[in-house]
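This report describes a protein chain through its side-chain contacts, its sheets and its charged pairs. The sequence and the structure come next.

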Amino acid sequence: MNWKYFYSSVKGTSHIASNTAKQDNCKSLLLTLNDKNYLVCAVADGAGSAKYSDLSSNFICKLFIAKTKQWLEKESLESLTREVITEWFTYFQKVLNRAVSLYKLESIRDFATTLLFAVLSENFNVFVQIGDGIIAAGTENDLDCVFLPQNGEFINTTHFATESIAQKIFMFKTVENSIERLAMHTDGIEQIAFDFKAQKPFMAFFKPFYLAVEKLEDCGHDETLSKQLGMFLDSGRVNKKTDDDKTLFIASTLSASVIAKNVECKDEQQ
């Protein structure tokens, strides 16, 4: 699986106005172990009301990617079960509770953050989510949500990895087939990237990003597209729609030339 990908995470205008830190974070890793390729991605959105959520969203992304690398160096992706992920959430909370005690903070709620997490390989994939935001996966012809955003107890609330029930309520899914396209984003761009009526990704929004990444010849992270994405997410037309932090991750295994040939073949058949 030759993944090509780019991503960006930008500070929302409301955070700029209030002089608060960007609370979104995104980390990724392309791994080759025992002749197998893996794409690992973590996206987190710290709660706006939590004092140190910028730190915890960064920490949970780094932690889950590091834990995955350690796991895959010794075990198979197929053995990465819900029980294993539960232990990672428990460790995450343990570290934060230690910080609360050490620095005499009010509560672990000061570190509230969501998490979107994906590990992709050639024919087996693992997805994890707690909170809002979208993980979407699919093929050249379609893109669908792996999970729908989690709603909290009240309107416009969600769940966080710091909650005492996090280990019970996080969503977990494995997919045993090849995934050609992946998109992950925080709720900051749901208004422009998600079709609420159809409960699906808004394909008109994502199409230009896939056209760009699938033209690339080299695999891995493309810094040029990442910078361009950052400028788009921080543009006036996007900021008119949302003042929140905005994070978007785009990945594909497809090639523009292969897609063009497929289209020609379909036209000939018709």
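## Thr 158 and its surroundings

A polar atom of the Thr 158 side chain lies 3.1 Å from the backbone nitrogen of Asp 132. Another such approach involves the backbone oxygen of Gln 150, which lies 2.7 Å from a polar atom of the Thr 158 side chain. The term polar contact is used here for a pair of N or O atoms within 3.5 Å; within protein, one must be able to donate a hydrogen and the other to accept it, and residues adjacent in sequence count only if both atoms are side-chain atoms. The model is predicted: local features need pLDDT of at least 70, side-chain atom pairs count only at pLDDT 80 or more, and totals for chains, interfaces and linings use all residues. Residues are numbered from 1 along each chain as its sequence is written, and side-chain values use heavy atoms, with hydrogens and water left out.

Thr 158 is placed in the loop between strand 7 and helix 4. Helices (H or I, at least four residues) and strands (E, at least two) are DSSP runs, numbered from the N terminus. With a relative accessibility of 11%, Thr 158 counts as buried; buried means under 20% relative accessible area, exposed over 50%, and partly exposed in between, with a 1.4 Å probe and protein chains only. Residues up to four places away in sequence aside, Thr 158 touches Thr 114, Gly 131, Asp 132, Gln 150, Asn 151, Gly 152 and Glu 163, where contact means heavy atoms within 4.5 Å.

## Leu 148 in the loop

Leu 148 is also placed in the loop between strand 7 and helix 4 (166–169). Leu 148 has a relative accessible area of 40% and is therefore partly exposed. Apart from neighbours within four places in sequence, Leu 148 is in contact with Gln 129, Met 171, Phe 194 and Gln 199.

An open sheet of mixed pairing is formed by six strands in the order 7-6-9-13-1-12. Its edge strands, each pairing on one side only, are strand 7 (143–145) and strand 12 (220–221). Two strands pair if DSSP finds at least two bridges between them. Seven bridges join strand 1 (residues 4–10) to strand 13 (residues 246–252) in the antiparallel sense, and Ser 9 has Thr 247 of strand 13 as its bridge partner.

Two helices lie across strands of this sheet. Helix 6 (residues 203–213) lies across strand 1, strand 7, strand 9 (181–185) and strand 13, and runs at about 55° to strand 13. Helix 7 (residues 223–233) lies across strand 1, strand 12 and strand 13, at about 35° to strand 1. Axes are lines fitted to C-alpha atoms, for helices over the stretch in contact, and angles run from 0 to 180 degrees between N-to-C directions.

## The five-stranded sheet and Asp 24

Five strands with antiparallel pairing make an open sheet in the order 2-3-4-5-8. Strand 2 and strand 8 (171–175) are the edge strands, each pairing on one side only. Strand 2 is joined to strand 3 (residues 36–45) by ten bridges. Helix 2 (residues 53–72) lies across strand 2, strand 3 and strand 4 (115–120), running at about 10° to strand 2.

Asp 24 lies in strand 2 (residues 24–33) and stands opposite Asp 45 in strand 3. Does Asp 24 count as buried or exposed? Asp 24 is buried yet has no salt bridge, and the nearest side chain of opposite charge, Lys 22, is 6.7 Å away. Lys and Arg count as positive and Asp and Glu as negative, while His and the chain ends are not counted. The side chains of Asp 24 and Thr 247 are joined by a polar contact of 2.9 Å. Other residues that Asp 24 touches include Ser 9, Ala 44, Ser 57 and Thr 186.

## Salt bridges

A salt bridge is a side-chain nitrogen of Lys or Arg within 4 Å of a carboxyl oxygen of Asp or Glu, and the count comes to four. One of them links Glu 73 and Lys 69, with the closest N and O atoms 2.6 Å apart. Glu 73 is partly exposed at 43%, as is Lys 69 at 35%.

Asp 142 and Lys 200 meet in a salt bridge of 3.3 Å, N to O. This pair links distant parts of the chain, 58 residues apart: Asp 142 is in the loop between strand 6 (134–138) and strand 7, and Lys 200 is in strand 11 (residues 200–201). Lys 200 also meets Asp 144 in a salt bridge of 3.7 Å, N to O. Because Lys 200 lies in strand 11 and Asp 144 in strand 7, the pair ties together parts that are 56 residues apart in sequence. Salt bridges that share partners join Asp 142, Asp 144 and Lys 200 into one network.
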